[in-house]
Amino acid sequence: MSDELFSVSDQVVLVSGGSRGIGRELARGFVQRGACVVISSRDAESPREAADDLGGNVHTAVCDVSKPDDIQRVVETVIADHGRIDTLLNVAGVNQRQRAEAFTVDEFDFILDINLKGAYFMAIEVGKHMLEHGAGCQIHVDSLNTYSPLKGVIPYAMSKGGLQMMTRGLALEWGPRGIRVNGLAPGFILTDMTRKLWSQPHMNSWGINNSPLERLGEVGDLVGATIFLASKASAFMTGQTLYVDGGMSAGTNWPIEL
Ligand code: NAP
């Protein structure tokens, strides 16, 4: 990238949940712009497959974010191998759709342990090293559900609402110490997590008809905003959540004739 304002070329970037979907595509965006990227997820195989696909300066690690020991080990390994972490992309997440009263305690814990507790301890472990350096940038992937919850995903919406509050709280504590913390809230993006849902014709029409940009999102739609949040271009921004959602959060569409 020739534009220094948006450059991430000298960065070391850690992506939690980088093996597939949004995380993999964000990793690609950084690799293509010259960053050194470490992608992690629960098993060894899928990040390796992702690394082969991405090429460039990509490294892999195993880290189940629901396991605090995994988080500590992966952060220590990245610091030992690369010296620092400039940007954390906290992407790992899961969802389950059902009625509120149907969630078991185990299902609730599964979602919250990954999406909220896992994201928190990843932010903290990476944050400790960023605080030693007095610099760093964290981007936490929350959701359109933080603006307006969808029915059928209440534990997920709760986890993402908590993540947004974490983003704002860490921004307050760490801003004076050189670390910027922001959120990225994707709208409806086609990935393994969502493709089956949006392949149903009634869902597909609803999604398109309710989006001001009249389409669902692709993983590549999130790259520009993420590069912006990780670069000098957003140097005076922290504690914010960028909604990249085709305008879904702009307001409520209704079938009035105009
Ligand atoms: P995806 O295709 O299912 O990918 C999820 C990623 O998270 C995979 O890399 C997965 O890796 C990783 N992961 C899951 N559990 C993990 C754990 N315990 N530890 C470490 N990594 C774990 O989903 P996606 O659609 O790309 O979603 C990525 C993020 O964006 C999630 O946080 C999601 O909530 C958020 N989001 C998605 C949408 C959307 O429409 N797709 C909208 C708003 C927000 P392995 O399975 O290989 O471990």
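Predicted model: local features only at pLDDT ≥ 70, side-chain atom pairs only at ≥ 80, totals over all residues.

Reader: Which residue forms a salt bridge with Asp 192?

Author: Asp 192 sits in the loop between strand 6 (179–186) and helix 6 (195–198). The N to O distance is 3.1 Å. The partner is Arg 20.

Reader: Is Asp 192 buried or exposed?

Author: The cut-off for exposed is over 50% relative accessible area. Asp 192 has 55%.

Reader: How far apart are the closest N and O atoms of Arg 24 and Glu 49?

Author: Arg 24 is in helix 1 and Glu 49 is in helix 2 (residues 45–54). The two are 25 residues apart, and the pair links distant parts of the chain. Their side chains form a salt bridge, with closest N and O atoms separated by 2.7 Å.

Reader: Which residues are linked with Arg 24 in a network of salt bridges?

Author: Arg 24 pairs with Glu 49. That pair belongs to a network. Besides Arg 24 and Glu 49, the network links Glu 25, Arg 28 and Asp 53.

Reader: What separates Arg 73 and Asp 70 along helix 3?

Author: Their side chains meet in a salt bridge at 3.3 Å, N to O. Arg 73 is partly exposed at 38%, while Asp 70 is buried at 14%. Both lie in helix 3 (residues 68–82), three residues apart, so the separation is about one helical turn.

Reader: Gln 138 has a polar side chain. Which residue's backbone oxygen lies 3.1 Å from it?

Author: Gln 138 lies in strand 5 (residues 136–141). Its relative accessibility is 0%, so it counts as buried. Leaving aside neighbours within four places in sequence, its contacts include Leu 88, Met 130, Trp 174 and Arg 180. The backbone oxygen 3.1 Å from a polar atom of its side chain belongs to Ala 123.

Reader: How much of the ligand does the protein bury?

Author: A polar side-chain atom of Ser 19 lies 2.7 Å from a ligand oxygen. For the side chain of Ser 46 the distance from an N or O atom to a ligand oxygen is 3.1 Å, and for a backbone N or O atom of Ile 189 it is 2.9 Å. Taken alone the ligand exposes 890 Å², and the protein buries 96%.

Reader: Which residues come nearest to the ligand?

Author: There are 30 residues around the ligand. Those that come nearest are Arg 20, Arg 42, Val 91, Tyr 156 and Thr 191.

Reader: How far is Leu 258 from Glu 49?

Author: Leu 258 lies in the segment after strand 7 (241–244). Its relative accessible area is 97%, so Leu 258 is exposed. Leu 258 and Glu 49 are 209 residues apart along the chain, and their C-alpha atoms are separated by 50 Å.

Terms used: Residues numbered from 1 in each chain as written. Heavy atoms only, no water. Salt bridge = Lys/Arg side-chain N within 4 Å of Asp/Glu carboxyl O. Helix = DSSP H or I, 4+ residues; strand = E, 2+ residues; numbered from the N terminus. Buried < 20%, exposed > 50% of the residue type's maximum accessible area, 1.4 Å probe, protein only. Polar contact = N/O pair within 3.5 Å; in protein donor to acceptor, adjacent residues only side chain to side chain. Contact = heavy atoms within 4.5 Å. Near = heavy atom within 4 Å. Areas by Shrake-Rupley, 256 points an atom, 1.4 Å probe, with all protein chains shown as cover.
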